Structures are given as structure tokens and as C-alpha cells.
Amino acid sequence: MYRLDQNKTPLFDALKRYRERQTVAFHVPGHKHGKGLKEFTDYVGENLMWIDVNGMEDLDNVCNPVGVIKETQELAADAFDADYAYFLVNGTSSGVQAMIMAACEPGDEIIIPRNAHKSTIGGIILSGAIPVYVQPEINRELGIAMGMSVSSVKAAIEAHPYAKAVFVINPTYYGVASDLESIIKIAHQNDMMVLVDEAHGAHMGFHPEFPVSAMRAGADMSAVSMHKTGGSMTQSSLLLLKGDRLDPGYVKSVLNLTQTTSASYVLMASLDVARKQLATRGYEMLTEVLRLAREARDKINQIPGLRAFGKEVTGTPGSFAFDETKLGVNVMGLGLTGFEVESLLRKKYDIQVEMADLYNILAIVSLGDDETSIAKLVDGLRGIASEHIGHEIKNATRSPIMPDLIVSPRDAYYSRKKVVKLEDAEGEISGEMVMAYPPGIPVICPGERITAEIIDYIKALKSEKCQLQGTEDPYANYIKVLGQDYYE
């Protein structure tokens, strides 16, 4: 299956050798193997601090790898069925931005789903590209956005034949996958690249019962959050490249525009070991993860007032396949919002789920779960249901708001702005993003017209104590809009 020996961990081994030789450090970081930060070192351990080092000949350098990092990235590319892999230490957000910057020049159009992560908008601002938004399908029963339909992508391509790329989420936060292979085929037939946000799909290429991964489907690039579902440490991700539509040297140069020159060896070593684990034991481990997720789903569905949705959504509009490790639970039957259930789980049962919205919570079942953690989640939900079963919340699901794009996100971002109260912003052109986080999907983006509907929706999110981000005002009572001189 693999061309290379996936049992190897070149970078991790080099770091262990550095530790074993008791190398005396006259280089940064200044804590010098933890001796200069004793309280922290006593808690996390000496080995961790010993491998928190900087680039040198034996350990290579992520900006221009020629040694152990190069070898480790080649192993990652082999494991993920890519031609090239690049380590990311600023999360998948940096990979998403690099994909867009590598594929698009200022003024180029890119077709993207309106429920894309905020990093996509960041990439559009940085690149100067013009977004062509595609409305995702909506499951009104659950109150969530699904994937893009093939027909909607085809229509966008026909209406914008000179677009440079199509951007796809695989899968969505709730585990829904679009028909990626068909989208790739149509895009390539029209000489467009396909860029994939695979923040929640690092594991999918290592077991046949998951939706197809971006590289195996033939996408040109994908950004993969190894830290979310692949087992590595937070903030560590991969950027993957396949085919000849982009020059790998150019992709590296784009990454080097924004990536740190002092990449964390702790994060990169975790990528090395997590890749080995997926490649050599992924099938076995993911088989158990699927068993646990299915067990949890079955037990939750026996609790009155709850619905743990799963593969039954496959075949509905915008859902070609489903990742069962995304344990979404619709809580409307309890008479509670998802935000309230999330809070109860955390404060009363010491359980923290991944996210919540008005109608659902989302728990991620992953490589680190076992029978004990699953039982605690089920028991917590059972306890909440026993105390709160009541009038079902009326589902007021609306389609994602797709405002009119008046100016490019880049022009709006760099334009002079003024600050107005949120309730006074109707008709203005937004100068910043507003999003609920998680999942980080913008309600309004720079350059879009603010409507009364958008203001009402933001107020509704605030009333549910949803965490809002993107505005300079941390409470989103005020929003920056384009200044009067822009309209003149």
C-alpha cells in the first residue's frame, strides 16, 4: 500500500538523539531545556522541554527542509496518498490560506460554500481573490447546513467559467460530505483546481467506512487538521499537494510568507508519530472508534427527547456520505437549546463537547476515547433528559444568510472604516467578520451588505450566549463598517 516504511519517525528519532546526547544549549529558546522555567517543567516533564528546540543541522528547518523534516514530510505524503506534504504549526487555518494564495492571484474568482470557515475569508483577503458563494443545502429538521450539491457547483462553474478554483469542505463540522469525486471531475474538466478544507477529516483515508479523502478523490490540495482527529498536538496540521496544477516549490514559498521561522519541534514531532500511528495502526484503531461512536449513538437514541443523527442523513440534499465519528445530537425534544445542554454537561457532569448551536450539540469520538468516556457522555445526557423533558423547542431554521457582496473582501478590509452600533448598521457595508465560534462560519464578511435579517440573527445568537468572534468589539455590540468617504 505504501511506498515508504511507515514505521519510521525520522524527526522524532532525531529529537530523542539530541536529548540522549545531553547537548548543551547556547541557542534559543531561552528556557534551555526547561531549566529557565522550572515550575512549568516540573509539571509537564523534562522530556517535553528538551525537545522544544530550534532549527539546527541535525534537526533540519521547516522553511527549507533538506534532512529529517524533509524525510518526515515525504512519509506523510506517502501515508496520505499525496505527492507532497508540508508541516503546519499554525493550524489548518494557515493551510487554507496558503491554498487560496497559491491558487489565486488578485482579482481571480474562487467558488466557495457560504458556510466555509473564517480562515477561507482570511485567505481571500490575503490573496485578493473574489469569492463566488454557493449556498449549502439545509437540513431543516436538524437545523444545520449540509454540503454543496453537485448541481449547485456545476451552475456556479457555468456562470463563472474563468474561476481559478473550487473550494470544498470535506466533511463539514457535523460530518456531512459532499460528492467530492463528482465535484473534482467537473472542476477539472473546466480547468479549475479543487482545494479542500479537510480540518475534520484527517482520519478518513485510513479506513474504508469513512467518506473518501481529498487526496484519494484526486483533489489538487487539501489542508488537514491532524490535531483534530489524527492524534497530533493542537495547532499541528498538514498541507497536502497532488498533481501538476501547482508547482510544489511555489507552494512552499507561499507558506513561507506567513509561517514562522521558529516552528515548534514539539508539534512537528507529534505529527511524525501521529502519521506513523495512522499508517500502521489506523485501520485497527478507527474500527474501534467507529464501534464506540455507533454504541454511543444507539444508546443516546434510546433517551427520550434526544436524536443522535448519523448515516441516515446520507442521500438527503447535500449529503453524499457521513463521518460517524461526528456525534451530533439534536436536543429540541428536551425543550432546551444546544447551548444550554452544552453548559449543563460542562457544569454538572464535567463533560465538554466540541460545539453547540441552537438545536444540537456535537461530540467528537476519536482515537483517545474508550468505553469509560462514552459511558460518561451517555449518562450525562440521560441525566439532563430526565430533568428537562418538556415542551419541544419550535424549529425556526432559516437558510444561511447570503448577503450581497458589494466590494471585494480585500478592498473592504483595507478601506477606512467607522464604528456603528449593531442595531444601526442596516444598509452599511461590513468592514469585518461576525461569526459564531465554534464552528467559525461567518454570518457577515467584509464587503457584504448588512441587512435587518443579519442583525436579528446576530442578536439571537447573543441572546443564547453564543460566543461571537471577528469584531474588534468582543461583545459585538458595535461593528465596523466602511466609512462615508467610500460611498462618495
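Author: What follows covers one serine and then the cavities. The model is predicted: local features need pLDDT of at least 70, side-chain atom pairs count only at pLDDT 80 or more, and totals for chains, interfaces and linings use all residues. Residues are numbered from 1 along each chain as its sequence is written, and side-chain values use heavy atoms, with hydrogens and water left out.

S237 sits in strand β10, residues 237-241. Strands (E, at least two residues) and helices (H or I, at least four) are DSSP runs, numbered from the N terminus. S237 counts as buried because its relative accessibility is 0%; buried means under 20% relative accessible area, with a 1.4 Å probe and protein chains only. Beyond four places in sequence, S237 is in contact (heavy atoms within 4.5 Å) with residues including Y86, F87, V224 and L271.

Now the cavities. There are four of 30 Å³ or more. A cavity is a set of points on a 1 Å grid over the protein atoms alone where a 1.4 Å probe fits but cannot get out; lining residues have an atom within 4 Å of a point. The largest cavity holds about 70 Å³. Its lining has 14 residues, and F80, E198, S213, A214 and L240 are the closest to its centre. Helix α9 gives the largest share, three residues.

Technical notes
Buried < 20%, exposed > 50% of the residue type's maximum accessible area, 1.4 Å probe, protein only. 1 Å grid on protein atoms, 1.4 Å probe; cavity = no way out; pocket = protein on both sides within 12 Å on 5 of 7 lines; lining within 4 Å. Points joined across faces, edges and corners; volume = space filled by probe spheres on them.
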